[in-house]
Each structure stands twice: as C-alpha cells, then as structure tokens.
Amino acid sequence: MIMEIEEVRCEALPLLSLNHVSLLVRDVCNSVRFYEHVLGFSLVKRPSSFNFHGAWLYNYGVGIHLLENKVMEDYDAINEPRPINPKDNHVSFQCSDIVLVKRKLEEMGMRYATAVVEEDGIKVDQVFFHDPDGYMIEICNCDNLPILPISSSCPLKPHNIGTYNKIIATNYGCGFMETEMMENLSMNMLNFSF
C-alpha cells in the first residue's frame, strides 16, 4: 500500500502589530494610578457600550486594558508580596536609561529585582517588579541585542523602512525584514522612558 502525504502549507494571519494587553485587576482606580504614574500611560476613552467596570490606557504604541474582577480577591490568600521572578510571565518595556529607572523605583518605594543578560559581549540590563495585582513588569535596554531570525526565509513583516539597526540587519544577511521589525519595535512600541 502506497500512502501519499499531502503537504499542507499554512500562512500566518495578516497581523500588523501588538494592539493591547488586557489584564484582570482587583481595583481599576488603583491600577490606573500605577500605570499612569509609574509607567507613564495615559487614560483614554473606552466604548460606552461596555457594561462592566474597566479602563483603557495608551502610550508607547500599545494599549493596556484593565478589567475589574473583584473575584480575584478570593484568590489572594497570601498577604506577603510574591517573589519577583524574572522567569514569570511579564510585559516588557524598553527604556532609555536603566539607572534612572532604578532610581525612580527606589524613590517610589517599589521593590524590584535586576538581571543582566550577556550574549557575545553585548549586555542587556533588566529590572523586574510587580503592578498592584501582581503582574510582572520588566524594564530593559533589550534593543542592545540584535534580533536574528533563525529561519533563513526571514519571514518578518515589513512596516516602515527606517535607519535603526540597518548595519545589524545587513551584517547578518537577512536585511530588509529584520530592519523593518527592529524599526517597528524600537520606534513604535519600545520607546519607553520616564
């Protein structure tokens, strides 16, 4: 018996960029204050047709949607703060000055942990801390590391041609697509500073 195997080719969804991150929170007002004062987000209008309490914030090319869920309090049996674990799920923001980030977090009395990633002599500094609901936030200078596609087909979606990291993209042979991704990430989403 001869069996034929049909090759199935899957094309990725026609995505453009990350739009928002949605988080369940215990207290919308408390979380809004955190995302405004600590991370620099701005409160924006959300659809009035929603029949639940929440808030939308926006900055750095990405939205944060907060959805109040009082049931979360039932799961908060531990009164001590969670350990800060860099391997936990987290949202990461690029910054322009990691030393300033640490100083500002200290001034606000916020607990944080640091880590350094090194690859081929390139160092990335990371600062991790929690928001009021225990979600992990990372602030880093991750753009120090080039993004190098593993696939030779380089299927990164182009956005806007720019100048950022053209040398890196050219040096690693992938070129156009990698340059596009680096430009989009660095200019639209990762331009975070205090």
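1. Start with a definition. Buried means under 20% relative accessible area, exposed means over 50%, and partly exposed lies in between (1.4 Å probe, protein chains only). At 57% relative accessibility, Glu107 counts as exposed. Arg103, at 46%, counts as partly exposed. We return to this pair in point 7.

2. A word on the source. This is a predicted model, in which local features need pLDDT of at least 70, side-chain atom pairs count only at pLDDT 80 or more, and totals for chains, interfaces and linings use all residues. Residues are numbered from 1 along each chain as its sequence is written, and side-chain values use heavy atoms, with hydrogens and water left out.

3. Now the overall plan. The protein has four helices and eight strands. Both kinds of element are DSSP runs, numbered from the N terminus: helices are H or I with at least four residues, strands are E with at least two. From the N terminus on, the order is β-α-β-β-β-β-α-β-β-β-α-α. Of the 194 residues, 32% count as buried. The protein exposes about 13,000 Å², and carbon and sulfur atoms supply 54% of that area. Accessible areas come from the Shrake-Rupley method with a 1.4 Å probe; for residues, only the protein chains shown count as cover.

4. Look next at the sheet. Four strands form an open sheet, in the order E5-E8-E7-E6, with mixed pairing. Two strands pair if DSSP finds at least two bridges between them. Strands E5 (90-94) and E6 (113-119) stand at the edges with a single partner strand each, so one side of each has no neighbour in the sheet. From one strand to the next, the twist averages 25°. Such angles run from 0 to 180 degrees between N-to-C directions, and the axes are lines fitted to C-alpha atoms, for helices over the stretch in contact.

5. How do the strands pair up in detail? E6 and E7 run antiparallel and are joined by seven bridges. Val117 has Val124 in E7 as its bridge partner. The hairpin of E6 and E7 has two residues between the strands, and Asp120 there takes a positive phi near 50°. E7 (residues 122-130) also pairs with E8 (residues 136-140), in the antiparallel sense over five bridges. Here Val127 has Ile139 in E8 as its bridge partner. Helix H2 (residues 98-107) lies across E6, E7 and E8, running at about 20° to E7.

6. Is His130 buried or exposed? His130 sits in strand E7. His130 is buried, with a relative accessible area of 14%. Leaving aside residues up to four places away in sequence, His130 touches Phe34, Arg82, Pro83, Ile84, Met110, Tyr135 and Met136. Contact means heavy atoms within 4.5 Å.

7. How many salt bridges does a search of the whole structure find? It finds two. A salt bridge is a side-chain nitrogen of Lys or Arg within 4 Å of a carboxyl oxygen of Asp or Glu. One joins Arg26 to Asp133, with the closest N and O atoms 3.0 Å apart. Arg26 lies in the loop between strand E1 (20-25) and helix H1 (28-37), and Asp133 in the loop between E7 and E8, so the pair ties together parts 107 residues apart in sequence. Both residues, Arg26 and Asp133, are buried. Arg103 and Glu107 form a salt bridge too (3.4 Å, N to O). Being four residues apart in helix H2, Arg103 and Glu107 are separated by about one helical turn.
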